[in-house]
Amino acid sequence: MSSVQDARTITSSVKGEGSIRSAPSTRPFVHVLADSSDKLSGICSVLAQRFAVAGERLDAEAKLSQVPFAIVIRAELREVDNIAAIKKRSARLAKATKRIFLVEHTSHVCISQAYALGATLVLPGPLDRIKLLAALADPAEPAVDSGNGSAPQDNAAETAATAIASMFTAVTMGEPLDVDGTKDAGRKITERITEHGLSEWLTTVRRHHEGTYQHCLLVTGVAVDFGLSLGVGPADLERLYSAAMFHDIGKARIPLAILDKPGGLDGAERAVIETHPVAGYDFLKDHEKISPEILDAVRHHHEYLDGSGYPDALAGGSINDIVRILTISDIFAALIEHRHYKPTMPRADAYNILCGMSGKLEKALVTSFREVALTR
Ligand SMILES: [Fe+2]
Ligand SMILES: [Fe+2]
């Protein structure tokens with residue numbers, strides 16, 4: 001292990017060594033893991049301007065005396081040795097409030113793998129200094145959970161993100177789907193919202209997750225809270241959170257370049273996106289543990305009462321209650337998503353947009369949704 005060195009010497013000294021550490025400092029402490037010295041020195045030199053940094057190659061083992069508030073990992077997640085090396089450090093990872101994975105190969109599988117390894121945030125693509133520093137801003141913010149040092153798997157947001165990640169991996173790789181695990185994660189979200197309320201859930205999810213995973217977590221939370229506010233029974237609540245967890249599973253078949261594209265989509269891209277309800281339905285339809293209600297919700301969550309939705313242009317009475325609740329929750333969650341390239345829309349503005357969709361959504365339900373959207 002290297003001796004303690006000034007952060008500015010990181011780039012030169014990291015070559016040929018397994019670990020590196022900046023000078024003791026009162027600055028917040030970040031731990032960096034990478035699968036090569038070049039990657040390690042690249043990230044360390046970005047972070048050393050603001051943080052006390054310790055870098056460690058995945059094939060080495062350094063003993064840290066300090067617990068970092070954040071761990072940043074850059075490694076090829078298609079390599080089994082890297083996955084094993086990260087898993088070996090899972091106890092240490094669990095103690096960090098932020099676990100940021102910089103994933104070079106932008107694919108559902110690599111991003112899913114990062115979440116499965118405990119990521120609280122995944123930044124795909126080439127190293128983006130500004131995004132990384134923004135993600136590490138506010139080191140004092142509370143941990144994802146109650147701050148009791150619990151393992152990531154004990155946390156509703158992490159469990160659910162991991163369940164969604166495994167679901168996407170299953171679709172991409174043609175592997176079996178863990179239906180019970182996914183429903184169980186939905187149940188944990190329900191318990192969390194029952195105990196702490198919707199606002200706390202929205203804040204946690206938006207702070208720690210991005211893209212489609214964030215969306216699925218938000219939709220499930222909003223749908224659950226909508227169900228609770230409407231007083232639906234336990235069986236319907238289970239249908240609702242299960243439908244919400246699975247509703248966008250077909251997006252696993254959509255390229256991330258389209259799915260996470262900043263700004264608007266052109267006609268061709270929109271047409272690709274609009275294949276996801278049928279893709280999800282086709283993937284789930286022969287699964288023995290997927291009920292007809294869930295299948296219906298997956299296929300029809302983009303239908304509108306006036307027949308202007310897709311894929312089947314259903315209208316009025318052919319759209320059932322669970323789907324109507326899910327559609328409102330889905331639109332609202334999409335509007336209030338946190339995206340790094342645009343400001344987050346206030347909940348009141350998102351609710352006003354729903355109110356403007358007259359004819360498409362059930363008016364009485366939109367009225368009932370007011371309390372969920374604005375005050376819960
Ligand atoms: Fe969708
Ligand atoms: Fe959605």
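In which crossing, left-handed or right-handed, does helix 10 pass helix 16? The views below are of a predicted model, in which local features need pLDDT of at least 70, side-chain atom pairs count only at pLDDT 80 or more, and totals for chains, interfaces and linings use all residues. Residues are numbered from 1 along each chain as its sequence is written, chains are lettered from A and ligands numbered from 1 in the order in which they are written, and side-chain values use heavy atoms, with hydrogens and water left out.

**View 1. Packing of helix 10 (residues 211-230) against helix 16 (residues 321-336).** The crossing is right-handed (the near helix is turned clockwise from the far one by less than a right angle; anticlockwise is left-handed). The helices, which are DSSP runs of H or I of at least four residues numbered from the N terminus, pack at about 130 degrees with axes 8 Å apart. Axes are lines fitted to C-alpha atoms over the stretch in contact, and angles run from 0 to 180 degrees between N-to-C directions. Helix 10 is therefore oblique to helix 16 (under 35 degrees is roughly parallel, over 145 roughly antiparallel, 65 to 115 roughly perpendicular and the rest oblique). Residues in contact (heavy atoms within 4.5 Å) include His215 and Phe226 of helix 10 and Asp330 and Phe332 of helix 16.

**View 2. Site of the iron ion (ligand 2).** His215 (NE2), His247 (NE2), Asp248 (OD) and Asp330 (OD) coordinate this ion at 2.2 Å. Donors are N, O and S atoms within 2.8 Å of the metal (3.2 Å for Na, K and Ca); water is not among the atoms, so sites may look incomplete. The angles among the four donor atoms span 81 to 168 degrees, and the site is irregular. Four donors are tetrahedral if all angles lie between 85 and 135 degrees; four are square planar and six octahedral if opposite donors are over 155 degrees apart and all others between 65 and 115; anything else is irregular.

**View 3. Site of the iron ion (ligand 1).** Its donors are Asp248 (OD), His276 (NE2), His301 (NE2) and His302 (NE2), at 2.1 to 2.2 Å. The four donor atoms subtend angles of 84 to 174 degrees, which makes this arrangement irregular. Asp248 bridges the iron ion (ligand 1) and the iron ion (ligand 2), 3.4 Å apart.

**View 4. Packing of helix 5 (residues 108-116) against helix 7 (residues 156-173).** The axes come within 8 Å and cross at roughly 150 degrees, and the two helices are therefore roughly antiparallel. Helix 5 passes helix 7 in a left-handed crossing. Among the contacting residues are Tyr115 of helix 5 and Phe168 of helix 7.
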